[in-house]
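Hi,

Here is the structure I promised to pass on.

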Amino acid sequence: MNTHEAPSVLQSRDWDEEYRRLTSTPEIPSDSSAWDARAANFTVKDSPSAYVNDFLRLAGLHPGESVLDMGCGAGHLAIPLAQAGHMVIAADFSEGMLGQLRQAMESRQLDGIDVKKMAWEDDWDEFGVGESCVDAVIASRSIATSASLEQHVRKMSRTARRLCCATVSIGTTPRIDNRIIGICGMQERGLRTHQYLLNILINLGYQPSCNYISSARDCGYDSFQQAQEDYRTMLLRCIEEQAWRLEDEARDLARFHGLLDEWLSEMLIENTDPTPECPGKLKLKETRVSTWAFIAWSPHKGRILQ
């Protein structure tokens, strides 16, 4: 082998720069006020969701390990982790989400969670979150903001002693029903965030593993018009994210609206058992499913997770 051989395209490409250039719609809105407004809908249930159970199973935390839950939201992971005896630092940039977390802690008379209003872009040392200060750093559906994936990887790896793990969506963002692409007869051009994250980790010298989590979501509506408005809004996001070129915007949108309306007419049924997660008089008869890539790595370069 020629030791002076030029590096491959995979090794030489700046995947972080390319990801930032191609990302027009980040998975996570960068404005904390958007999350403050949504916080009331993110209450922590008594029983963890299937997604939370799958995340914790794949993380494989050791008994008593300390954890930084970065982008913790309302505490869907922080709460069961603390209940299991882990010391948890729960950090988020949304005061509304942290308020929900504090309420959940109070109602459960739960301590063991150090709540911090801290963003990905902050200097974590200023918040007492320094080098190798916890055993594990987790980032559930929070790492793919509009900022640098590589910077986030470096921060997680610097902070953890044994384990880092993060979930990112596959294809469109979770705010969009992936079925829109097929309904409208369009070719998917979704940015594969997990591919970029894996390439960044590998080029930095880490040995990541990748698994997948399916997350089901029932959608409820008070009327056909409400569902119609929701899907038309998702369609516009999808057009932007997928970078679809519309030859005639008014004509193409009208055609897409017709296809969506026809699909909704077939899919909406009576919601006979409304719940806080699926309120309203109507619901979709087929559950909406999002798929997440669960990516884990040792913070020590070249080492495989044990």
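**Salt bridges first**

Glu65 and Arg162 form a salt bridge, with their closest N and O atoms 2.6 Å apart. (By salt bridge I mean a side-chain nitrogen of Lys or Arg within 4 Å of a carboxyl oxygen of Asp or Glu.) Glu65 sits in the loop between helix 4 (50-59) and strand 1 (67-70) and Arg162 in strand 5 (residues 160-169), so the pair ties together parts that are 97 residues apart in sequence. Helices (H or I, at least four residues) and strands (E, at least two) are DSSP runs, numbered from the N terminus.

Before I go on: this is a predicted model, where local features need pLDDT of at least 70, side-chain atom pairs count only at pLDDT 80 or more, and totals for chains, interfaces and linings use all residues. Residues are numbered from 1 along each chain as its sequence is written, and side-chain values use heavy atoms, with hydrogens and water left out.

Back to that pair. Glu65 counts as buried at 7% relative accessibility, and Arg162 is buried too, with a relative accessible area of 18%. Buried here means under 20% relative accessible area, exposed means over 50%, and partly exposed is in between (1.4 Å probe, protein chains only).

The structure holds twelve salt bridges, and here are two others. Arg158 and Asp125 meet through their side chains at 3.2 Å, N to O. Arg158 belongs to helix 7 (residues 149-159) and Asp125 to the loop between strand 3 (113-117) and strand 4 (134-140), so this pair links distant parts of the chain, 33 residues apart. Arg158 is partly exposed at 36%, and Asp125 is partly exposed at 40%.

Then there is Arg232 with Asp261, whose closest N and O atoms are 3.0 Å apart. That pair ties helix 10 (residues 224-242), where Arg232 lies, to helix 11 (residues 249-267), which holds Asp261; the two parts are 29 residues apart in sequence. Arg232 is partly exposed at 28%, while Asp261 is buried at 18%.

**An arginine without a partner**

Which arginine is buried yet has no salt bridge? It is Arg288, and the nearest side chain of opposite charge, Asp177, is 4.4 Å away. (Lys and Arg count as positive and Asp and Glu as negative; His and the chain ends are not counted.) Arg288 lies in strand 10 (residues 288-297). Not counting residues up to four places away in sequence, Arg288 touches a set of residues including Asp177, Arg179, Ser215 and Met234; contact means heavy atoms within 4.5 Å.

Helix 11 has 19 residues and reaches 26 Å from its first C-alpha to its last, close to the 27 Å expected (1.5 Å times one less than its number of residues). Its buried residues, among them Phe256, Leu260, Asp261 and Leu264, pack against helix 8 (179-183), helix 10, strand 8 (268-270) and strand 9 (282-284).

Over in helix 10 is Tyr231, buried with a relative accessible area of 0%. Leaving aside neighbours within four places in sequence, Tyr231 is in contact with residues including Asp177, Ile180, Leu260, Trp263 and Leu264. Tyr231 and Ile180 are 51 residues apart in sequence and 8.2 Å apart in space, C-alpha to C-alpha.

**And the cysteines**

There are zero disulfides in the structure, a disulfide being a pair of cysteine sulfur atoms within 2.5 Å. Cys72 is buried at 7%, and Cys210 is partly exposed at 27%.

Cheers
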